[in-house]
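With the structure open in your viewer, follow the stops below in order, selecting the named residues as you go.

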Amino acid sequence: MQEYPEAATIKEIVEKAHKIVIIQADNPDADSLGSALALEHIIGDMGKEPYLYCAVDTPTYLRYMSGWDRVQKDLPKDFDASIIVDASTMTLFERLSQSGQQGWLASKPCAVIDHHEIVENPIPFATVTVNDSSRASAGELIYIIAKQLNWSVSTAAQELLMTSILGDTQGLTNQLASSETYKIMAEFVENGVDRPKL
């Protein structure tokens, strides 16, 4: 699997922080929610305190994912770092900009993990950005980074990452799914994820 030099900075940000805000943009989908919930498990298993944030309500069609109701619409007043998933442009954070809370994020270390084409109006306060458009989903990228950093990824986290991949690849039917995507999905199944259940 490919390794990302930026992962070392992500590791440093996470290791130095205790309370970490995991952020989705104003257009949550299966990839962003699955990625956020998976990171909640991964970071929580490290003994950190994850906090899920999205400025809009979780769409009804995503509420089958366990943990969706932990996503909050307000940033906490105290936190040490943030991780933005599945978005790398401020264009998708209009409500955050309007709320006046963007400055809170800008004052702390921030990692961005995304898989979209390079976009205009990038996150100006990001400490580090990993944006690889060859990946099928942000969830796939998170899994690769987690493996590179030797982070523990529980079966529950893998289930959520599989959900994120299935969401963006339309059940592995579109052009986003690569051979490596299939290999990662096979790893999840081998590790006990129930694919038919999803």
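Begin with helix α6 (residues 155-168), which contributes four residues, the most of any element, to the lining of the largest pocket; helices here are DSSP runs of H or I with at least four residues, numbered from the N terminus. This is a predicted model, in which local features need pLDDT of at least 70 and side-chain atom pairs count only at pLDDT 80 or more, while totals for chains, interfaces and linings use all residues. Residues are numbered from 1 along each chain as its sequence is written, and side-chain values use heavy atoms, with hydrogens and water left out.

Next, select the pocket lining: His-41, Tyr-64, Met-65, Ser-66, Arg-70, Ala-156, Glu-159, Leu-160, Thr-163, Lys-197 and Leu-198. A pocket is an open set of points on a 1 Å grid over the protein atoms alone, where a 1.4 Å probe fits, with protein on both sides within 12 Å along at least five of seven lines, and lining residues have an atom within 4 Å of a point.

Then move to Thr-169, in the loop between α6 and α7 (179-190). Thr-169 counts as buried because its relative accessibility is 0%, buried meaning under 20% relative accessible area and exposed over 50%, with a 1.4 Å probe and protein chains only. Its side chain reaches the backbone oxygen of Ile-165 at 2.8 Å. Leaving aside residues up to four places away in sequence, Thr-169 touches Ala-136, Asn-174, Leu-176 and Ala-177, where contact means heavy atoms within 4.5 Å.

Finish at Gln-175, found in the loop between α6 and α7 and exposed, with a relative accessible area of 70%. Gln-175 and Ala-136 lie 39 residues apart in sequence and 8.5 Å apart in space, C-alpha to C-alpha.

Methods:
Helices (H or I, at least four residues) and strands (E, at least two) are DSSP runs, numbered from the N terminus. A polar contact is a pair of N or O atoms within 3.5 Å; within protein, one must be able to donate a hydrogen and the other to accept it, and residues adjacent in sequence count only if both atoms are side-chain atoms.
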